[in-house]
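Thanks for making the time this morning.

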Amino acid sequence: MDQILELVREQPSSIGATKALDLYEELRLLSGSNSGISVCDVAQVCRQNPVNFYTALVSCAIKAGRCQHIQGLFGDMIQNGVTRTLKLYEGAMKQLAGQRRFGMALDIYDKLLADGFEPSATTCSCAVAFAVETGDMRRAIGCFERLSALTTPSIRAYMSMLRAHGARRDWPSTVALLRNMQGRCVRIDSLALNVVLATAVAAGRVRQAEALLNEFEQPQTMKQASEPPITDVISYNTLIKGYSQDGNFESAFEVLHRMRTQGLQPSAVTFNTAMDAAVRSRKGEAAWELLQEMQIGRAHV
């Protein structure tokens, strides 16, 4: 045990971590061959804290790329009567996430809950992101609900869920989440709004997207009355794209005009999307006029 902890202190590398894990296997065999002697007994003789010892071993398993051994280490802790701590679980989750082992980090989260611990809001928020990364919407929703019960979720947690719903083109869940943000007074920025608009367009709800654009062109509260609206060029481009996909040039052109009245300058993407709408609507002359307008604008720049 002393050798293991010395390796952890003096060789904080994957090589040292591997050696420490190999020594632990020897320790397990030795304690197993001597009935009545446990790892805790060894720790008492060595004047070591069993929790700190296993915490170091969990870190070694991650560092050495032997993440599959973590479950065994937690099992050994239970068998040897070593009390697990919230710090141990959350530390393991953080390290696993650092190596993009999101599924394993979620497994540790499940163990944390099974052990009777109440995760912090930060841990719940991380679990939401991990579940979204692995594409596990059931878990993501469960983690988000637990987070929502603890506190108002961060904009980061909301964004993770918005993107997850967007990837599934789940418009009802997306708009419900947006209203939840408004109900809990979470400040909605351009990025969040544009994700919602993109989901509406992808789900074929272009009219609902325009209704949202109408809503957010106006200040959301009296406090924001002196601030500019959060709609930006991407917001209008997204709506133009929706009308282009529907072959509705007239509506797409109206959005282009409306964009200008808001003091926003159309981008190359704006013109290309509007031209696509013109072509789809068999408005060849309008497409050429938009092209010329775009070229004149570039020449002035």
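This is a predicted model: local features need pLDDT of at least 70, side-chain atom pairs count only at pLDDT 80 or more; totals for chains, interfaces and linings use all residues.

Let me start with Ser125, which, once its neighbours within four places in sequence are set aside, is in contact with Leu147, Ser154 and Ala157, contact here meaning heavy atoms within 4.5 Å. Ser125 lies in helix H8, residues 121–134, where helices are DSSP runs of H or I with at least four residues, strands are runs of E with at least two, and both are numbered from the N terminus. Ser125 counts as buried because its relative accessibility is 15%, the class being defined as under 20% relative accessible area, with exposed over 50% and partly exposed in between, using a 1.4 Å probe and protein chains only.

Residues are numbered from 1 along each chain as its sequence is written, and side-chain values use heavy atoms, with hydrogens and water left out.

Now to the helix pairs. Helix H11 (residues 171–183) and helix H12 (residues 190–202) pack at an angle of about 155°, their axes 10 Å apart; the axes are lines fitted to C-alpha atoms, for helices over the stretch in contact, and angles run from 0 to 180 degrees between N-to-C directions. H11 and H12 are therefore roughly antiparallel to each other, since that label applies over 145 degrees, with roughly parallel under 35, roughly perpendicular from 65 to 115, and oblique for the rest. On the H11 side the contact is made by Trp171, Thr174 and Leu178, and on the H12 side by Val196, Thr199 and Ala200.

H12 also meets helix H10 (residues 155–167), and here the axes come within 9 Å and cross at roughly 15°, which makes H10 roughly parallel to H12. In this contact Met159, Leu162, Arg163, His165 and Gly166 of H10 meet Leu191, Ala192, Val195, Val196 and Thr199 of H12.

Stepping back to the whole chain, the secondary structure comes to 17 helices and zero strands, and buried residues make up 43% of the 301 residues. Of the contacts with a separation of 6 or more, 63% are between residues 24 or more positions apart.
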